[in-house]
Amino acid sequence: MRRRWSAIIAAALGLSLVMTAGGSAGAAAPITTSIYTADPAALVVGDNLYLYTGHDEAPVGGTNFVMRDWHVYSSNDATTFSDQGAKLSLSNFSWAGGDAWAGEVERGANGKYYWYVSINGNGPGWMNIGVAVGDSPTGPFTDAKGGPLISDSTPNSSPLNIDPTVFTDDDGQVYMYWGSYYGLRAARLNADMTSINGSVVTPSGVSNFWEAPWMFKRNGVYYLAYAANDSGCSAPGYACIRYATASGPMGPWTHRGVVLDQVTSTTNHPAIIEYKGQWYMVYHNAGAPGGGNFRRSVTLDKLYFNADGTMQKVVQTTGPTGPANLAVNATPSTSYVSPWETLGAVNDGYTPAGSADRSRGAYGNWDHQGTEWIEYRWPTAQNVRSVKTYWFDDNQGIDLPASCQVQYWNGSAYVNVPGQSSCGTAANTFNTTTFNQVSTTRLRMSITSRPALSTGVLEWQVFS
């Protein structure tokens, strides 16, 4: 996602921006900390996995994107990545004015590699899609067309022509999806990979599309993942990744759900790839030291499919330095949540600044008193042995609880976890509760309020 987040645009879109400078417990280890990277695309060639990224160069405290070139990273294990350098830049396009935003590389039938990128041109309008070509996955790349492939003058173009995803079907036909500002567009490409075959269409059935589409095919089913910023999946100003499926490459599409929750940067951008028999979600966040909304870092986590072809929500891991928070892949429920509060806040991977921090939403059950509960459910059994709870205290009707108890589903009923340590109720910190390991598909936190008060939770983490 490459939004130019000026105050004017944010106000026009009705978005409330939440600026986050650092990472959280839900951040995976970045592929590099030498530079800031963003807007990933992925390509498998033989035994090598290539990641194509933008390059964030905004200064500390910057409030806009500064992006001038694109980098290539390669790996033979999806764990360690080598920086092949800046293989494409704005200087490669004589018609470019600025903004080296998201792109994707696709191999053509002629064996050459085509890099489709978002560029602010020198002509009328704002963003365009250009294309460069090279003889190998790492180039060198040169402008393949001498001008935009897609621009504001293209009939039925998007309100913002960015974020191209290019897909080659089994019959050799190439398709491109792109767009932003809720304007998803699609077109067929000619065999030359540098011109459109037919008209630009507006795909149907893609719910809450914002930008950053990524298209792929698995077991005869077409998948379209994309960034969405609706309140059903993210806090104001942030984006999650939703996805849809279709029986044909041009749709119509059927929405299937959220595959990646919001991350620690306001923007979110997916690339989904199968490599050596394992599927991966490649994305960016603000997890690197000194990172932020305009200083992002590309990372990847494993992606799993259910038997029916639907995708399981990606667990945003902490990398080699710590365990994964199992809560981010769970579905939360509760005995009661106040209509103006946000149950989904409890497992968004955010680290609150304090117990009154509701910048990413909060779970609260005012004006209920006594005992209420929140619960996680997973599609398969999880081995669980500790939780961390960050309590919500609004200094009004919601206060720290009197007590709490962790319970698990034993197959027929909820029972207390064995060997539970003290269930802490301190403010402004994560309260850790340990217990003997249980294997379960459901975990519950039973919360008892103080007299005449209600309770709330900002974050509830679960660990194996």
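Reply: **Salt bridges and their surroundings**

Glu375 is buried, at 1% relative accessibility. Buried means under 20% relative accessible area, exposed means over 50%, and partly exposed lies in between (1.4 Å probe, protein chains only). The model is predicted: local features need pLDDT of at least 70 and side-chain atom pairs pLDDT 80 or more, while totals for chains, interfaces and linings use all residues. Residues are numbered from 1 along each chain as its sequence is written, and side-chain values use heavy atoms, leaving out hydrogens and water.

Glu375 forms a salt bridge with Arg444. The closest N and O atoms are 2.7 Å apart. A salt bridge here is a side-chain nitrogen of Lys or Arg within 4 Å of a carboxyl oxygen of Asp or Glu. The pair links distant parts of the chain, 69 residues apart: Glu375 sits in strand S22 (residues 371-391) and Arg444 in strand S25 (residues 431-448). Strands (E, at least two residues) and helices (H or I, at least four) are DSSP runs, numbered from the N terminus. Arg444 is buried too, at 14% relative accessibility. Elsewhere, salt bridges with shared partners join Asp39, Asp56 and Arg296 into one network.

Next comes Asp348 with Arg360. Their closest N and O atoms are 3.8 Å apart. Asp348 is buried, with a relative accessible area of 10%. Arg360 is also buried, at 4%.

Asp170 and Lys217 form another salt bridge, with closest N and O atoms 2.9 Å apart. Asp170 is in the loop between strand S9 (165-168) and strand S10 (174-178), and Lys217 is in strand S13, so the pair ties together parts 47 residues apart in sequence. Asp170 is exposed, with a relative accessible area of 70%. Lys217 is partly exposed, at 24%.

Two strands pair if DSSP finds at least two bridges between them. Six bridges join S13 to strand S14 (residues 221-228), and the two run antiparallel. In this pairing, Phe216 stands opposite Tyr223 in S14.

Another charged residue, Glu57, is worth a look for its polar contact. Glu57 lies in the loop between strand S2 (48-56) and strand S3 (69-75). Glu57 is partly exposed, at 30% relative accessible area. Beyond residues up to four places away in sequence, Glu57 touches Val66 and Arg68. Contact means heavy atoms within 4.5 Å. The side chains of Glu57 and Arg68 are joined by a polar contact of 3.3 Å. A polar contact is a pair of N or O atoms within 3.5 Å; within protein, one must be able to donate a hydrogen and the other to accept it, and residues adjacent in sequence count only if both atoms are side-chain atoms.
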